[in-house]
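Keep the viewer open while reading.

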Amino acid sequence: MPTDDDPIEDVSEDGFRIVRENKFDLLLNSYYMTYNQQLFNGSLPQLPVFWAQRITQPNGYGATAVYVPGDARLKSRCIAMDDTLSGMFPLERLCLLHEMVHVKVGPDCGHGEEFVAEFRRVLDANKWEVMGCIDGPPPNAQNTQPTPETETTAVNPRVE
Ligand SMILES: [Zn+2]
C-alpha cells in the first residue's frame with residue numbers, strides 16, 4: 001500500500017517527469033498567491049507549487065524548475081521546483097517568479113521577447129525586492145529575535 005511518505009512521480013504527456021513528496025508547502029504556495037496578487041493583479045490561475053526531488057526534461061536533462069500546464073496525461077497544472085533551492089533565498093523566489101511568468105505568457109512562448117518583457121515588468125513592479133537583501137539578515141530574522149518582555153505580556157495575557 002502506498003503511504004503519504006512515498007514519493008509521487010508525475011509524468012506529463014510531453015515527457016516531463018517530476019518526482020516529489022506528497023506534501024503541500026504552505027510558505028511556497030503563499031509566495032505564489034502573494035506574487036499573483038501583487039505583481040499579476042490576481043490574473044494567474046490558482047495552482048499548486050511543489051518542491052521536487054528530481055525534475056527531468058523529455059530530453060533526459062534535469063531542470064531546476066518547471067511549469068506543467070496540464071495535459072491529457074497530467075490533468076492538473078502545477079509548478080515544480082527542485083528542493084535544493086529550498087532555503088537558498090532569494091533564488092527560490094526568483095525561480096518561482098520565472099515560472100509564474102511562464103504561466104502568464106503561456107507555455108509555448110519559451111524565453112522569447114514576450115517572456116523577457118513580462119519578466120522585466122514584474123521585477124520592476126516588485127522594485128527588484130524579489131532579489132532580496134543577500135548581504136543582510138535573512139528575511140525572517142525579525143521573527144526569531146527575542147521579543148521584549150513587555151510586548152510578550154501585551155500579546156499574551158497569560159504570561160506573568
Ligand atoms: Zn523558463
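Strand S5 (residues 78-82) is mostly covered, with five of its five residues buried (20 or more other C-beta atoms within 10 Å of a residue's own, C-beta atoms being placed from the backbone). Strands are DSSP runs of E, at least two residues, and helices are runs of H or I, at least four, numbered from the N terminus. This is a predicted model: local features need pLDDT of at least 70, side-chain atom pairs count only at pLDDT 80 or more, and totals for chains, interfaces and linings use all residues. Residues are numbered from 1 along each chain as its sequence is written.

**Strand S5 and its partners**
- Cys78, Ala80 and Asp82 point one way from S5, Ile79 and Met81 point the other way, and all are buried.
- S5 and strand S3 (residues 49-56) run parallel, joined by four bridges (strands pair if DSSP finds at least two bridges between them).
- Tryptophan 51 has methionine 81 in S5 as its bridge partner.
- Strand S4 (residues 65-68) pairs with S5 in the antiparallel sense over four bridges.
- Opposite methionine 81 in S5 stands alanine 65.

**Helices H1 and H2**
- The axes (lines fitted to C-alpha atoms over the stretch in contact, with angles from 0 to 180 degrees between N-to-C directions) of H1 (residues 26-40) and H2 (residues 91-105) come within 11 Å and cross at roughly 60°.
- Tyr31, Tyr32, Tyr35 and Phe40 of H1 meet Arg93, Leu96, Leu97, Met100 and Lys104 of H2 (contact: C-beta atoms, placed from the backbone, within 7 Å).

Key: Two residues are in contact if their C-beta atoms, placed from the backbone, lie within 7 Å. A residue is buried if 20 or more other C-beta atoms lie within 10 Å of its own, exposed if 12 or fewer, and partly exposed in between; C-beta atoms are placed from the backbone.
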